[in-house]
Amino acid sequence: MNTNILFITVDDMNYDSIGLYNEKSITPNIDKLLKEGLFFKHAHVNVSVCQPSRQCIMTGKYPHNNGSHGFSPISHSVNTLQELLLEKGYINGIISKVGHLAPIHKYCWDYIKEFNNKKYYWGRKPEYYYQCSKEFFDRVKNQEQPFFLMVNSNDPHRPFAGSQQELDKFGVNTEASRTWESEEVEVPGFLPDIPDVRKEIAQYCTSVHRADQSIGCVLQALDESGFADNTIVMFLSDNGMAFPFAKTNCYLNSTKTPLIIKWPNIIEPESVDEDNIVTGVDIMPTILDIMDIPYNEKDYDGRSFMNVLLGKNDERKRDKAFTLFNANFKRMNFEMRSVLTKKYGYIFNEWSDGESRFFNESMSGLTFKAMEREGQNNPDVDQRVKMFLYREKEEFYNFENDPNGLVNLINDETYKNIIDEYKNFLYEDMKRSNDPRLKAFESMCIAGNSTPSKGRI
């Protein structure tokens with residue numbers, strides 16, 4: 001019997017928004033899936049913004065190797081997962097976020113349903129996810145071909161449910177079956193706990209819960225279709241939450257993702273992998289291995305983790321995630337590169353010169369504006385605002401002592417040897433992948449050439 005694939009994403013959901021990390025769960029459907037499959041505790045996407053992240057996943061290549069710098073389409077010469085699945089006889093379908101895989105013909109969709117419009121309530125109505133998933137399953141039911149269905153929740157992407165930002169954009173506030181209040185939520189440790197931040201986190205939580213309902217509707221349609229027993233379900237978030245120090249950056253909360261894989265009769269339920277670090281570019285070669293589709297490993301920046309899924313030892317270590325950023329949604333270039341392990345993280349901010357000012361989508365809501373106001377009287381918050389806007393050329397964090405990345409240790413002599421080691425990790429990966437920013441990194445950060453910022457921080 002052919003194996004089907006149901007590939008589910010949520011948009012801009014932090015890795016720790018699922019119930020595993022919270023006493024009061026707001027994601028019961030994702031939590032149920034968690035109990036049915038394997039959870040990767042240390043998974044990352046490679047780019048912390050929607051289109052580049054998804055195109056890395058579907059090509060197995062970093063942006064500089066698939067041609068998709070920022071929000072541009074991939075190169076015509078690059079194979080997509082969907083092209084290779086089509087050759088294998090798969091039916092390919094996509095529900096929502098269609099434009100974030102481009103050009104469209106490279107993805108060989110047999111079924112397309114776009115939700116990012118008023119007709120489909122801008123992808124904010126869970127029942128539409130049920131209806132369209134069911135429609136797809138009904139269409140393929142009488143065909144002997146296997147399927148790949150990608151379902152993309154528009155939640156919890158901004159604008160958040162019940163926000164003024166949402167009212168300004170859509171002309172209405174969207175409906176939600178459960179609304180979170182400020183006093184119910186926990187503010188992430190990388191943000192200050194002040195009223196407007198708490199208010200926006202509550203709006204985010206409302207959107208996360210609605211995303212979870214949409215996922216539940218998709219899984220219900222799968223169960224009703226009769227395909228559940230021979231369908232691999234893969235779930236992840238395309239990047240972190242759209243708040244300062246998360247999305248469109250290279251921090252831990254930028255790229256860490258709640259990757260869950262359910263493979264009936266193969267993966268033991270309630271499994272957790274705490275040993276391996278896997279990233280978005282590893283997913284395509286893994287799926288090709290699962291489907292027994294031949295490929296040249298040298299053609300990909302990632303490598304298959306099928307052995308991990310099968311409970312076998314992987315001969316090569318999986319202990320690092322390499323992440324990057326090129327441009328934000330205004331097409332402004334903020335070149336960043338990073339290497340992350342379970343213990344430490346090193347970031348190279350090529351753009352940081354003490355004068356250039358960062359800009360991203362996360363600054364459009366309540367949180368950043370509240371941080372700026374609070375910073376006028378609170379030196380600690382003012383320092384965080386300045387760090388977000390100007391950065392330093394290099395950053396280094398000890399996640400064991402500082403999981404929220406509040407203290408940059410780049411100039412701490414205690415860590416000098418470790419920092420040099422992490423610089424070399426990044427340097428070697430940039431060489432391996434022919435990263436176009438290699439020379440800049442080499443001149444600024446290698447062999448004692450570190451360039452400090454000009455004192456803005």
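Where is Glu 350 found? Select Glu 350 and you land in the loop between strand E12 (344-349) and H11; helices (H or I, at least four residues) and strands (E, at least two) are DSSP runs, numbered from the N terminus. A word on the model before going on: it is predicted, so local features need pLDDT of at least 70 and side-chain atom pairs count only at pLDDT 80 or more, while totals for chains, interfaces and linings use all residues. Residues are numbered from 1 along each chain as its sequence is written, and side-chain values use heavy atoms, with hydrogens and water left out.

Back to Glu 350: at 15% relative accessibility, this residue counts as buried (under 20% relative accessible area; exposed is over 50%, partly exposed in between, with a 1.4 Å probe and protein chains only). Contact here means heavy atoms within 4.5 Å.

**Helix pairs**

Next, select helix H7 (residues 195-225) together with helix H5 (residues 126-141): their axes come within 8 Å and cross at roughly 25 degrees. Axes are lines fitted to C-alpha atoms, for helices over the stretch in contact, and angles run from 0 to 180 degrees between N-to-C directions. That crossing angle makes H5 roughly parallel to H7 (under 35 degrees; over 145 is roughly antiparallel, 65 to 115 roughly perpendicular and the rest oblique). On the H5 side, the contact residues include Tyr 129, Tyr 130, Ser 133 and Phe 137; on the H7 side, look for Gln 213, Cys 217, Ala 221 and Leu 222 among them.

Asp 196, Val 197, Lys 199, Glu 200 and Gln 203 of H7 meet Leu 366, Thr 367, Ala 370 and Arg 373 of H11.

**An enclosed helix**

Now jump to helix H9 (residues 283-290). Of its 8 residues, 7 are buried, so H9 is largely enclosed by the rest of the structure. To highlight them, pick Ile 283, Met 284, Pro 285, Thr 286, Ile 287, Leu 288 and Ile 290. What do the buried residues of H9 pack against? Their partners are strand E1 (4-10), helix H2 (50-57), helix H4 (81-87), strand E6 (231-237), strand E9 (278-279) and helix H10 (306-309). After H9 comes Asp 292, with a positive phi near 55 degrees.

**Backbone spots**

Asp 12 has a positive phi of about 70 degrees although it is not a glycine. You'll find Asp 12 in the loop between E1 and helix H1 (28-36), buried at a relative accessible area of 1%. Phe 245 also has a positive phi, near 70 degrees; this residue is in the loop between E6 and helix H8 (252-255) and, at 3% relative accessibility, counts as buried.

For cis peptide bonds, zoom to Ala 102 and Pro 103, where omega is near 0 degrees. Pro 103 lies in the loop between strand E3 (91-95) and strand E4 (111-113). Then try Arg 158 and Pro 159, also joined by a cis bond, with omega about 0 degrees; Pro 159 lies in the loop between strand E5 (147-152) and helix H6 (164-170).

**Rings**

Colour the aromatics. How many aromatic pairs does a search of the whole structure find? The search returns 37, where rings of Phe, Tyr and Trp (its six-membered ring) pair if their centres lie within 6.5 Å, with planes under 30 degrees apart counted as stacked, over 60 as edge-to-face and the rest as tilted. Tyr 121 and Trp 122 make a tilted pair, 5.8 Å centre to centre with 40 degrees between the planes, and both residues are buried.

Finish with charges over rings (NZ of Lys or CZ of Arg within 6 Å of the ring centre and within 35 degrees of the ring normal). Arg 178 lies over the face of Trp 180, at 3.8 Å from the ring centre, and the charged end of Lys 61 sits over the ring of Tyr 300, 5.8 Å from its centre.
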